Amino acid sequence: MKRRDFIQHSLATSAFVTLGGLSLQSFTASSAKKHITILHTNDVHSHIDPFGANHPRNPNQGGAARRATLVSKIRKENPNTLLLDAGDIFQGTPYFNYYGGELEFKLMSMMKYDLATIGNHDFDNGIDGLYSQLPNANFEFVSANYDFKNTVMDTHVKPYKIFVKDGIKIGIFGLGVKLEGLVDKRMYKETVYHDPIEFAQDMSRILKEEEKCDLVICLSHIGYNYTKNPERPSDLMLARKTKDIDLIIGGHTHTFLKKPTIEKNLNGDSVLVNQVGAYGIYVGRVDFYFDDEKNVIANGKSIIV
Amino acid sequence: MRKIIALFAVFLVVACAKEKQEVSRIEGKRININDSITANQEIEAYIQPFRERIQEDMQKVLSYAPKDMHKRDGEFETTIGNLMADFVKLQSEPVYKKRTGKSIDVCLLNHGGIRAPIAQGPITTQTAFNVMPFENSIVVAELTSENMKVLVDYLAKAKRAHPIAGLTIKLNSDFTVNEALIDGKPIEDGKTYTVVTSDYLQHGGDRMYFLQNPVTLEILDYKIRNAMIDYFKTVDTIPAKLDGRFVKL
């Protein structure tokens, strides 16, 4: 079903008030209406400590302990919050060289991450190195297009996971980047990569039609967009060539999007694509507010970025 | 009591089923993590022993950078890329010579492998870990002249400042190769050339497939990061220069 989407940009506040007047009323009137908050990181690359004050590019930015404060504050405001990571948790500071990802996974567990996908650098100590750190992770991993059947990771990575928060069913699937030519074969061993777009089409059908999810989220490490190689699978291509995905959380290309990109899918519906660069400098936040179906049909859906 | 709760639960489920909810509004943004956010003390305390152990090693001053150097401070060559290619070639040469009796002609690394800039000021062990966090190891691949030409072609088409040393390239304005010289001479047919690189690239990383089947391959068992630390220890101030080794006319 094609819905009217009101896309608003946060800078144009006046436009928001006039356009969004109706939905704002109905929205504030009822506290019973459901609200899901998605928080996300990507390509944190073992950046546990903040950048130093004299760092040329990112002085005083990032830091896991600060991220933890932010996350718990948002969770207090809205308990129906999911915290996700789009891969490349490993590699980038001596914490990884010294401890092999132990501290990264332990801190993410303390922050109560709900789910992550696997990035190419998560293979940097070999697939055995990744496997050996799994006991330190109290969260699960999803990847729909990596087949781990003939590796130690078999049964430890699922294509998707479904969360139910306040009665809202949220289906999240993972996608990984092509490993050949990017990661040494000795590292990823018998991991088989499949076309992410094809597998995403299948995943979105399963999650929307079979599992009847209210929200479908893709946790992707395939990269935002490849202008020099437009045929290479990317998040923007994924958004355009699929349907029924509400949000694509990306990684890999270290793309610092100032705000989520809105793309049209196969049905002409809006899909949000977000990526927050790298190193834990930003946390992405996407809030989904729900209303009765009839109100949404009458008033349309508003997207504010 | 338990029954009442059960009944209430059933009522809730029915109520929910009746009023199907749909997304009416989406708000998306990013939140900057900076020093305006207080660190979570529990997390901070947990990190502390890990941090102390590492910092002991990391804070040792090894050399000095005369200016900020990063991998986008030039178009086809960068100050940090030139530094990397030069010290990998320099540090590997005696090891390779001792083992094979041969010299290294060219160094080729990849732009993506430079993981952090170098800030003006003291260079520490930490700097080497920031720039080269990977455990990549140095290998020397002996290539045919045909594959050397493929290498040059790859660099011409890549439009990225992949670090090189021992090789100078001039591109025409349409990105075709105008001139490619090794040790000041054009590539000679039938000759072989020794290329020092990382094991990652030699295994086809960054699609540098021309490195995959070399005439000979020597694995130096020398990590790039260790070569960097060793090099830093030998120089008071590191060079930070663009010297025209890779330009477009």
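In this predicted model, 9 strands form an open sheet with mixed pairing, in the order E1(A)-E16(A)-E1(B)-E15(A)-E2(A)-E3(A)-E4(A)-E5(A)-E7(A). Its edge strands are strand E1 (5–8) and strand E7 (157–158) of chain A, each of which pairs on one side only.

Within this sheet, strand E15 (residues 282–292) of chain A pairs with strand E1 (residues 21–32) of chain B. The two strands are antiparallel and share 11 bridges. Several residue pairs can be followed along them. A:Tyr289 stands opposite B:Arg25 in E1(B), A:Arg285 has B:Lys29 as its bridge partner there, and A:Gly284 is bridged to B:Arg30. On the side of E15(A) towards strand E2 (residues 35–41) of chain A, the pairing is again antiparallel, with 6 bridges. A:Gly284 takes part here as well, as the bridge partner of A:His40.

The contact between the chains takes 66 residues from chain A and 43 residues from chain B. On the side of chain A that touches chain B, E15(A) gives the largest share, 11 residues. Other elements that give two or more residues to this side include helix H1 (13–29), helix H2 (64–77), helix H3 (94–99), helix H4 (102–110), helix H9 (293–299) and strand E16 (301–304) of chain A. By class, the side of chain A that touches chain B has 30 nonpolar, 20 polar and 16 charged residues.

The next topic is the nonpolar cores. In soluble globular proteins, nonpolar side chains tend to be buried together. The largest nonpolar core here has 84 residues, and the members that touch the most others are A:Leu84, A:Ile217, A:Cys218, A:Leu219 and A:Ile248. Beyond its neighbours within four places in sequence, A:Leu84 is in contact with A:Ile38, A:His40, A:Asp114, A:Leu115, A:Ala116, A:Leu219 and A:Ile249. One of these contacts, A:His40, is the residue bridged to A:Gly284 in E15(A).

Chain B has 7 helices and 12 strands. Its radius of gyration is 26 Å, well over the 18 Å that the globule rule gives for 249 residues, so chain B is more spread out than a compact globule. Taken along the principal axes, the C-alpha atoms of chain B fill a box of roughly 90 × 45 × 35 Å. Buried residues make up 41% of its 249 residues. Of the contacts in chain B between residues at least 6 apart in sequence, 80% join residues at least 24 apart.

A last stop is the loop between strand E12 (247–249) and strand E13 (261–264) of chain A, where A:His252 is found. Most residues other than glycine have a negative phi. A:His252, although not a glycine, has a positive phi of about 85 degrees. A:His254, in the loop between E12 and E13 of chain A, also has a positive phi, near 55 degrees. Which of the two is buried, and which partly exposed? A:His252 counts as buried because it has 25 C-beta neighbours inside 10 Å, whereas A:His254, with 16 such neighbours, counts as partly exposed.

Methods
Residues are numbered from 1 along each chain as its sequence is written. Chains are lettered from A and ligands numbered from 1 in the order in which they are written. This is a predicted model: local features need pLDDT of at least 70, side-chain atom pairs count only at pLDDT 80 or more; totals for chains, interfaces and linings use all residues. A nonpolar core is a set of buried Ala, Val, Leu, Ile, Met, Phe, Trp, Tyr and Cys residues joined through C-beta atoms within 7 Å. A residue is buried if 20 or more other C-beta atoms lie within 10 Å of its own, exposed if 12 or fewer, and partly exposed in between; C-beta atoms are placed from the backbone. Two residues are in contact if their C-beta atoms, placed from the backbone, lie within 7 Å. Helices (H or I, at least four residues) and strands (E, at least two) are DSSP runs, numbered from the N terminus. The radius of gyration is taken over C-alpha atoms; the globule rule is 2.2 Å times the number of residues to the power 0.38. Two strands pair if DSSP finds at least two bridges between them. Ala, Val, Leu, Ile, Met, Phe, Trp, Tyr, Cys and Pro count as nonpolar, Asp, Glu, Lys and Arg as charged, and the others, Gly among them, as polar.
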